[in-house]
Amino acid sequence: MGTFLRPSKKSLKNGQHFSFIQAFITVMQQQGFSAQKIVTLLGLLMQAFEQEDVYYKQARNSELIEQRNAADRRRDTFYSKMHAIVRAWANSGDPDHELAANTVLKVFKLYKVETAAQIEEESGQMDNLKGDLMAPEMQAHLATLHLTWLFNSMCTAHEEVKSIRLQEGAELGEKVMG
């Protein structure tokens, strides 16, 4: 019989580890070992694998992920609508709206929020954008462009995303590892 090479658990992600152990159990069962020690150890491995399956499903089935993704989609939608309206007013020919739009557009161009970016990266960009747009002068420009409601809605969704990320971190800290 050949020797077993121990895989490094640290180099395997949860899904990879799950697949590896599942394949290993299948191969061991197909071999039809009859030695009591192997049968006993295989039974223990299968029990541990069933427990791993329970924890793996829990990790993949967090309701917080769904809530976070919904809040992120709302945040992205409000941001995209604001950005589109600002661009439309930027060359409208109306002096008041054009001034307000071009001023706000500079902030949008400065931070270049990428709505498809990784969640923390987008949140950092959004924090900076939000901070600049909270200034009284910018709030006046947003009011001129009738964007106050969209801005406030974007901020609410943004804070919800950040809050859920904190909850996810706490939930992850409670998970059984190994």
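A crossing is right-handed if the near helix is turned clockwise from the far one by less than a right angle. Keep that in mind for α4 and α5. One caution before we start: this is a predicted model.

So, the helix pair. α4 passes α5 in a right-handed crossing. The two pack at an angle of about 160°, and their axes are 10 Å apart. Angles over 145 degrees count as roughly antiparallel. α4 and α5 are therefore roughly antiparallel to each other.

Which residues of α4 and α5 meet? From α4, we have V104, V107, F108, L110 and Y111. Facing them from α5 are Q125, N128, L129, D132 and L133.

Let me stop at Q125. Its place is in helix α5. Is Q125 buried or exposed? The cut-off for buried is under 20% relative accessible area. Q125 has 16% relative accessibility, so it counts as buried. What does Q125 contact, leaving aside neighbours within four places in sequence? Y111, K112, V113 and E114. Y111 is also on the α4 side of the helix contact.

Now the cores. The largest nonpolar core has 23 residues. Six residues have the most contacts inside that core: M82, V86, F108, L129, L133 and M154. Which elements give two or more residues to this core? They are α3, residues 63-90; α4, 95-111; α5, 119-133; α6, 136-144; and α7, 148-174. The largest share comes from α4, with six residues. F108 and L129 come up again here: both also take part where α4 meets α5.

Next, M154. Residues up to four places away in sequence are not counted. On that basis M154 touches R75, F78, Y79, M82, M126 and L129. Two of these partners, M82 and L129, are listed with M154 among the residues with the most contacts in the core.

There is also a second, separate core. It has six residues, including F18, I25, M28 and L42.

Last stop, α6. Here M138, H141 and L142 are buried. They cover an arc of only 100° around the axis, which puts them on the same side of α6. What lies on the other side? P136 and E137 are there, and they are exposed. Just after α6 comes H146, which takes a positive phi of about 60°.

To recap. α4 and α5 cross right-handed.

Conventions:
Residues numbered from 1 in each chain as written. Predicted model: local features only at pLDDT ≥ 70, side-chain atom pairs only at ≥ 80, totals over all residues. Heavy atoms only, no water. Core = buried A, V, L, I, M, F, W, Y, C linked by side-chain atoms within 4.5 Å. Buried < 20%, exposed > 50% of the residue type's maximum accessible area, 1.4 Å probe, protein only. Helix = DSSP H or I, 4+ residues; strand = E, 2+ residues; numbered from the N terminus. Contact = heavy atoms within 4.5 Å. Arc of directions from axis to C-beta. Axes fitted to C-alpha atoms, helices over the stretch in contact; angles between N-to-C directions. Parallel < 35°, antiparallel > 145°, perpendicular 65-115°, else oblique.
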